[in-house]
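Student: I'd like to learn how to read helix packing in a model like this one. Can we go through it together?

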Amino acid sequence: MGEILSQLKEQTRELHEQTEQLFYTDALKGGTLTTDQYKHLLQAHLAFHKALEVALSTIDNYPLEERRKAAWIEADLTAIQASPKTAPSTVFEGWNTSELLGAAYVAEGSMLGGQVIKRWLQAHPELGTYAGESKFYNGYGKNTGERWKSFGTYLITNAAGHEPAIVEGAKKAFKAYQAIFKAVA
């Protein structure tokens, strides 16, 4: 679907896998994720996406309104009676447009993974129905594949000549996600 998408997938694979492991993947798969771990995940996702949405709002042609996720995460936290923690809005401060597009790749890719995680969450008896009905992990629902393709087209259209900076931005975004996860613990 485009050289930039292949480059991103290949060159961020290790950081992607590290992030997945940090984010309780074994507990999610094994059905042992606790309510506190679920809350921690949501707090980390909220901090990342809220900060990224602020940063992406500076890109003139980025379709942010149709790709916002912070409100979904806030609703999920409310559903489990957890107060959203204050998000560090400076995470993406000073990032250029190309780096932010790399971070957007990470955010949009999380919607694909969210479809798998939602199925895992539905098997968690401790979490009850609220986790299986997660707005964030449901994401774009049946439109997830279509939205991913649309994002890919947008990225390809805007990537020409900026590929190295976009890849670097995605790497930095994975590292930022990991740092946020550790900070909101």
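Student: Which helices are included in what covers the buried residues of α4?

Tutor: Keep in mind that this is a predicted model. The cover over the buried residues of α4 includes α3 (35-56) and α7 (135-138).

Student: And which residues of α4 are the buried ones?

Tutor: Start with the general idea: an α-helix has 3.6 residues a turn, so residues three or four places apart point the same way. Now the case here: α4 spans residues 70-79, and its buried residues are A70, I73, D76 and L77. Looking down the axis of α4, these fall within an arc of 120°, so they line one face of the helix.

Student: Which exposed residues does the face turned away from the buried side of α4 carry?

Tutor: That face has A71 and T78. One more detail on α4: the helix is followed by Q81, which has a positive phi, near 60°.

Student: Back to α3. How do I read its packing against other helices?

Tutor: Two packed helices are described by the angle between their axes and the distance between the axes. Take α3 and α9 (residues 163-183): their axes come within 9 Å and cross at roughly 135°. The two helices are therefore oblique to each other, and their crossing is right-handed.

Student: Which residues make that contact?

Tutor: From α3 you have H40, L41, A44, H45, A47, F48 and H49, and from α9 A173, Y177, I180 and F181. Sorted by class, the contact of α3 with α9 has eight nonpolar, three polar and no charged residues.

Student: At what angle do the axes of α3 and α5 cross?

Tutor: Roughly 150°, with the axes of α3 and α5 (residues 97-121) coming within 11 Å. Angles over 145 degrees count as roughly antiparallel, so that is how α3 runs relative to α5. The crossing of α3 and α5 is left-handed.

Student: Which residues are involved in the contact of α3 with α5?

Tutor: On the α3 side, Y38, F48, H49, L52, A55 and L56; on the α5 side, L100, A103, A104, V106, A107, S110 and L121. By class they divide into eleven nonpolar, two polar and no charged.

Student: Let's zoom in on S98 of α5. Is S98 buried or exposed?

Tutor: The cut-off for buried is under 20% relative accessible area. S98 has 10% relative accessibility, so S98 counts as buried.

Student: What does S98 touch, leaving out residues up to four places away in sequence?

Tutor: With those left out, S98 touches H162, A165 and I166.

Notes:
Residues numbered from 1 in each chain as written. Predicted model: local features only at pLDDT ≥ 70, side-chain atom pairs only at ≥ 80, totals over all residues. Heavy atoms only, no water. Buried < 20%, exposed > 50% of the residue type's maximum accessible area, 1.4 Å probe, protein only. Helix = DSSP H or I, 4+ residues; strand = E, 2+ residues; numbered from the N terminus. Arc of directions from axis to C-beta. Contact = heavy atoms within 4.5 Å. Axes fitted to C-alpha atoms, helices over the stretch in contact; angles between N-to-C directions. Parallel < 35°, antiparallel > 145°, perpendicular 65-115°, else oblique. Left-handed = near helix turned anticlockwise from the far one by under 90°. Nonpolar A, V, L, I, M, F, W, Y, C, P; charged D, E, K, R; others polar.
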